[in-house]
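Subject: Handover of a structure model and findings

Dear colleague,

Please find below the structure that I am passing on to you.

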Amino acid sequence: MKRTIVGAGPRGYVTVDFFTGDYRVSAQINVRNRTVNDILNDKRLSYIEVFDTYISRISQPGYIVGSHHVALLRKDTISFAIVPTGESRPSGQRAYRYGGKLLYQVFLTLPAFEIQGKVHTTGKLDLYAFLATNVDDFVILTEPVARVANFPDNTFSGEAFLVNRLLVTMFCASEQPERAA
Amino acid sequence: MSTVLIIDDDPSVLKLLDFAMSKAGFRVVLAGDGEEGLEKAQANPPDLAIVDVMMPGLDGYEVCRRLRADPRTAGMAIIVLTARAQAVDRKVALEAGADEYLVKPIMPDELIRLAREVLARPRAAAPLVELPQGRVVTVFSLRGGIGVTSLAVNLAVAFAHLRQEEVSLLDLSLLAGHVALMLNLQPQLTLANLLEQGSEAEEETLDRCLARHSSGVRVLAAPPQPVTSASGGGQVVKRIVSLLRGRFPYVVADTASTLDEVTTAVLTASDLVLVIVAAEVQALQTAIVSLPALRALGHEDDDLWLVLNQYTPKSPLPTQAAEKALRRPVRATIPYEPALPQAIQRGVPLILHQPTSPMATAVARLAYQIDKHFEK
């Protein structure tokens, strides 16, 4: 039986929480036939266009200080984005490079944030390769939790994070991986 | 048939929910933005409002705050819908006055089930019941500097708004009371004049000592100069409270952070004591030692309400830790409000200065909660 979902948004639009060092921006992004991962990792785009934006300060992330119908976000200032699992993965031909069988518990620090989560790999995790030589700027973390360094009571979680590796100041990983289900 | 007001800027959501809720037996009223929703709610208060958070203009939190701040809509059920799914969003929604919080996308069945559940919860009747006699509510803390006076002032204004009649506010701090300052009043006659008259103070004199504030609060201001010895002050306060009870639905007392004769007298005469705590170790320790002293004055646990006042932007301890330490539930949490110092500086109570701020909404809710408590 077909079921109707309320508030799923217009077709092709996905609601994403973006975090910069100072702000939380909840907005809709038009992914068309791609995913949020594709758009954040598209080297041709320095900015992304977002719609129905609601802006909060990181110190009071629940309070909306401004809302605008349309806005441009500079991708290199995005610390991380909270996305649904399906949107965290690349689509199409790029997809083959993901979906590892080992899960490493990781801890990352970025300016203003500390993030815990898990990364999937096919083999042993190479921190250097993951952080420094990775082709993609935004890396996937599952079971993630972010904490604001100056306001540690403010935490954020979601199905998956896309973390801007270029803003990562420290990347720690567990020694022993778990087997992914 | 229950009436449901749905406020959402997305026409497709309105259309879908209208269909689903009508089919489920609700009478549905639709509003395309916050302003329109407030107008419709105030003109014809529904049983339940379903409010989207992300709307242009007035966001859903602001709509909730305004609904709760208005006596006509303060008692209605509210469900908030939002695509913002973080724990902090839920907290803000509940602080703004929502009863429940649902994260989009949702199934209509889920919303209908929740709407029925929320509507089935016991809610206070909308019309206010006349109180048989005035109630005395004392705002108290043995630890000073944690926002007790500003809370007392705003609570008194909230009672005046809620009851739509005058209430009285007593500043019983003999050393340095600031109630008059916070209301920008310069009374000629104060508590000092009544203390001089002793326990035979006349009702007429008392009336002259009550400064009138535009909000409907009648203020008995603290002595302009510190009074270090007020022998017999307890008897005077008992007499004042007894006279005021007969005239006002609420007598709100702000006390010094001591257990002197005057404070003890008003605490003993109080129907409800709001014990103010802050989420800091010193304030918690003070609250822990205060409670037995208040019980010794004849108060039951039900007359002693813990109120957590987040008077600084950063709370060193979370609310749960405070409740754990006190081994009692916190009856209300008053959130930090950055605009409070400015309101104090201007001599305007925050509840008038920024009536829809989280703190003002929380105080209005507390007043409502207390009023319903006394109706029982």
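Predicted model: local features only at pLDDT ≥ 70, side-chain atom pairs only at ≥ 80, totals over all residues.

The parallel sheet

In chain B, 5 strands make up an open sheet with parallel pairing, in the order 2-1-3-4-5. Strand 2 (27-31) and strand 5 (100-103) of chain B are its edge strands, each pairing on one side only. From one strand to the next, the twist averages 20 degrees. Strand 1 (residues 3-7) of chain B is joined to strand 2 of chain B by 5 bridges in the parallel sense, and B:Ile7 has B:Ala31 of strand 2 opposite.

Two helices that pack here deserve mention. Helix 2 (residues 34-43) of chain B touches strand 1, strand 2 and strand 3 (48-52) of chain B, and its direction makes about 160 degrees with that of strand 1. Helix 5 of chain B lies across strand 1, strand 3, strand 4 (77-82) and strand 5 of chain B, at about 155 degrees to strand 4.

The mixed sheet

A further open sheet of chain B has 8 strands in the order 8-9-7-10-6-11-12-13, with mixed pairing. Its edge strands are strand 8 (210-212) and strand 13 (332-334) of chain B, and the twist averages 25 degrees from one strand to the next. Within this sheet, strand 11 (residues 272-277) and strand 12 (residues 304-309) of chain B pair in the parallel sense over 5 bridges; B:Val275 has B:Leu306 of strand 12 as its bridge partner.

Helix 12 (residues 281-296) of chain B lies across strand 11 and strand 12 of chain B, running at about 160 degrees to strand 11. Helix 12 of chain B also packs against helix 13 (residues 319-326) of chain B, at an angle of about 30 degrees and with the axes 10 Å apart. By class, the contact comprises 6 nonpolar residues, with no polar and no charged ones.

The contact between the chains

On the side of chain B, 23 residues are in contact with 19 residues of chain A. Helix 1 (11-23), helix 4 (87-96) and helix 5 (108-120) of chain B each give two or more residues to this side, and helix 4 of chain B gives the most, with 5 residues. By class, this side of chain B has 17 nonpolar, 1 polar and 5 charged residues.

Yours sincerely

Terms used: Residues numbered from 1 in each chain as written. Chains lettered and ligands numbered in written order. Contact = placed C-beta atoms within 7 Å. Helix = DSSP H or I, 4+ residues; strand = E, 2+ residues; numbered from the N terminus. Nonpolar A, V, L, I, M, F, W, Y, C, P; charged D, E, K, R; others polar. Pairing = 2+ DSSP bridges. Axes fitted to C-alpha atoms, helices over the stretch in contact; angles between N-to-C directions.
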